[in-house]
Amino acid sequence: MESKIYNVKELGEPLGQYSHITRVKASEYLFIAGMLSADSSGKIVGVGDFDAQCGQVFANLEVALKSVPASWKNIVQFTTYLVHSQDIPNFMAFRKRKFPNMFPDGAYPPNTLLMIDRLVQEPFLVEVQAIAAV
């Protein structure tokens, strides 16, 4: 897989930990379902705790990637769903803390952030879907 993640100067700086474009040449794509903050037994992790839920969501994404096998460097796009717009600063703070370790080259995949009414169960606050290329 070859990919180039970059920003378009004419669009200005991204407003968070993401890039404008990922250009990919790959033999296979992985479409990873939206991950929630449930552990392997289905128990919700971090009820009422946005940061704990984010941690579990990204841990679940990592498990999915490793099953291929793939890693964070294979991610070409995220779609994020939040239930409360008040959690946007918390989400940005989480990414600022965690993404430098996940993406050490600083090339963060594009991310679309959507606000929705609710997720599959009321306690869930965040869901992240991913596309990867291998």
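## Thr22 in strand β2

Thr22 is found in strand β2, which covers residues 21-25; strands (E, at least two residues) and helices (H or I, at least four) are DSSP runs numbered from the N terminus. The model is a predicted one, in which local features need pLDDT of at least 70 and side-chain atom pairs count only at pLDDT 80 or more, while totals for chains, interfaces and linings use all residues. Residues are numbered from 1 along each chain as its sequence is written, and side-chain values use heavy atoms, with hydrogens and water left out.

With a relative accessible area of 19%, Thr22 is buried; buried means under 20%, exposed over 50% and partly exposed in between, for a 1.4 Å probe and protein chains only. Not counting residues up to four places away in sequence, Thr22 touches Ser3, Lys4, Ile5, Val76, Pro109 and Pro110, where contact means heavy atoms within 4.5 Å. A polar atom of the Thr22 side chain lies 3.1 Å from the backbone oxygen of Val76.

The loop between β1 (2-6) and β2 holds Tyr18. This residue is partly exposed, with a relative accessible area of 23%. The side chain of Tyr18 reaches the backbone nitrogen of Leu15 at 3.2 Å.

Tyr18 and Asn111 are 93 residues apart in sequence, yet their C-alpha atoms are 5.9 Å apart in space. Asn111 is also among the residues that Tyr18 touches, together with Asn7, Arg95, Tyr108, Pro109 and Pro110, not counting residues up to four places away in sequence.

## Helix α2

Helix α2 comprises 15 residues, 88-102; at 1.5 Å a residue it should span 21 Å, and its end C-alpha atoms are 20 Å apart, which agrees. The expected span is 1.5 Å times one less than the number of residues. A bend of about 30 degrees occurs at Lys96, and Pro100 follows within four residues; the bend is the angle between axes fitted to the seven residues ending there and the seven starting there.

The buried residues of α2 are Phe91, Phe94, Arg95, Phe99 and Met102. Their cover includes α1 (50-66), β4 (75-82) and β5 (111-115).

## The nonpolar core

The largest nonpolar core has 26 residues, of which Phe58, Leu61, Trp72, Ile75, Phe78 and Phe103 touch the most other members. Such a core is a set of buried Ala, Val, Leu, Ile, Met, Phe, Trp, Tyr and Cys residues joined through side-chain atoms within 4.5 Å. At least two residues of this core come from each of β3 (29-35), α1, β4, α2 and β6 (126-133), and α1 gives the most, with six.

Methods. Polar contact = N/O pair within 3.5 Å; in protein donor to acceptor, adjacent residues only side chain to side chain.
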